[in-house]
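Here is a short briefing on selected local features. Please have the sequence and the 3D view open as you read.

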Amino acid sequence: SRSLAFCLQGGSENDDDLYVMINASENDLEFEIQEDGGEEWRRAADTGLPSPDDFSEPGVEARVKERRYTVKGRSVVILLR
């Protein structure tokens with residue numbers, strides 16, 4: 001497979017949780033975002049979006065409302081909460 005998703009729990013370090021989705025394939029892939037915790041995920045980075053929308057300024061990240069997220073081919077998405 002040419003894809004990987006993982007979650008880093010930052011709570012033990014008094015930090016944000018990170019959810020990273022990596023799509024090394026040339027095709028777009030749909031990922032299912034894990035649903036633990038009560039807070040919503042926010043998009044910090046999506047390298048498949050055109051600049052300047054590919055990276056968000058801290059504190060103004062777009063909310064991710066859906067449980068599924070399409071990651072463009074050869075792109076990385078980083079969510080935080």
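Pro-52 sits in the loop between E4 and strand E5 (62–63). A cis peptide bond links Ser-51 to Pro-52, with omega at about 10°. The model is predicted.

**Backbone geometry**

- Most residues other than glycine have a negative phi, and most peptide bonds are trans.
- The bond between Ser-51 and Pro-52 is cis.
- Asn-14 has a positive phi, near 55°, and is not a glycine.
- Asn-14 is placed in the loop between strand E1 (3–8) and E2.
- Asn-14 has a relative accessible area of 75%, so it counts as exposed, the cut-off being over 50%.
- Arg-74 also has a positive phi near 55° in a residue other than glycine.
- The loop between strand E6 (68–71) and strand E7 (75–80) holds Arg-74.
- Arg-74 is exposed, at 60% relative accessibility.

**Aromatic pair**

- How many aromatic pairs does a search of the whole structure find? It finds one.
- The partners are Tyr-19 and Trp-41, 5.6 Å centre to centre.
- Their planes are 50° apart, and the pair is tilted.
- Why does the pair tie together parts that are apart in sequence? Tyr-19 belongs to strand E2 (residues 18–23), while Trp-41 is in the loop between strand E3 (29–32) and strand E4 (42–46), so the pair joins parts 22 residues apart in sequence.
- Tyr-19 is buried, with a relative accessible area of 6%.
- Trp-41 is buried, and its relative accessible area is 6%.

- Gln-34 is in the loop between E3 and E4.
- Is Gln-34 buried or partly exposed? At 29% relative accessibility, Gln-34 is partly exposed.
- Setting aside neighbours within four places in sequence, Gln-34 contacts Cys-7, Gln-9, Tyr-19 and Trp-41.
- Two of these contacts, Tyr-19 and Trp-41, are the partners of the aromatic pair.
- Gln-34 and Phe-6 are 28 residues apart in sequence. Their C-alpha atoms are 9.3 Å apart in space.

- Ser-25 lies in the loop between E2 and E3.
- Ser-25 has a relative accessible area of 11%, so it counts as buried, the cut-off being under 20%.
- Which backbone atom does the side chain of Ser-25 reach? The side chain of Ser-25 reaches the backbone nitrogen of Asn-27, at 3.0 Å.
- Apart from neighbours within four places in sequence, Ser-25 is in contact with Arg-2, Gly-73 and Arg-74.
- Ser-25 is buried, whereas its contact Arg-74 is exposed.

**Nonpolar surface patch**

- Which residues make the nonpolar surface patch? Leu-4, Phe-6 and Leu-8 make it, and its area is about 250 Å².
- Leu-4 is part of strand E1.
- Leu-4 is partly exposed, at 46% relative accessibility.
- Phe-6 belongs to this patch and is also the residue whose C-alpha is 9.3 Å from that of Gln-34.

Terms used: Residues numbered from 1 in each chain as written. Predicted model: local features only at pLDDT ≥ 70, side-chain atom pairs only at ≥ 80, totals over all residues. Heavy atoms only, no water. Phe/Tyr/Trp six-rings, centres within 6.5 Å; stacked < 30°, edge-to-face > 60°. Helix = DSSP H or I, 4+ residues; strand = E, 2+ residues; numbered from the N terminus. Buried < 20%, exposed > 50% of the residue type's maximum accessible area, 1.4 Å probe, protein only. Polar contact = N/O pair within 3.5 Å; in protein donor to acceptor, adjacent residues only side chain to side chain. Contact = heavy atoms within 4.5 Å. Patch = residues over 30% accessible without salt bridge, like charges linked within 9 Å, V, L, I, M, F, W, Y side chains within 5 Å. Areas by Shrake-Rupley, 256 points an atom, 1.4 Å probe, with all protein chains shown as cover. Salt bridge = Lys/Arg side-chain N within 4 Å of Asp/Glu carboxyl O.
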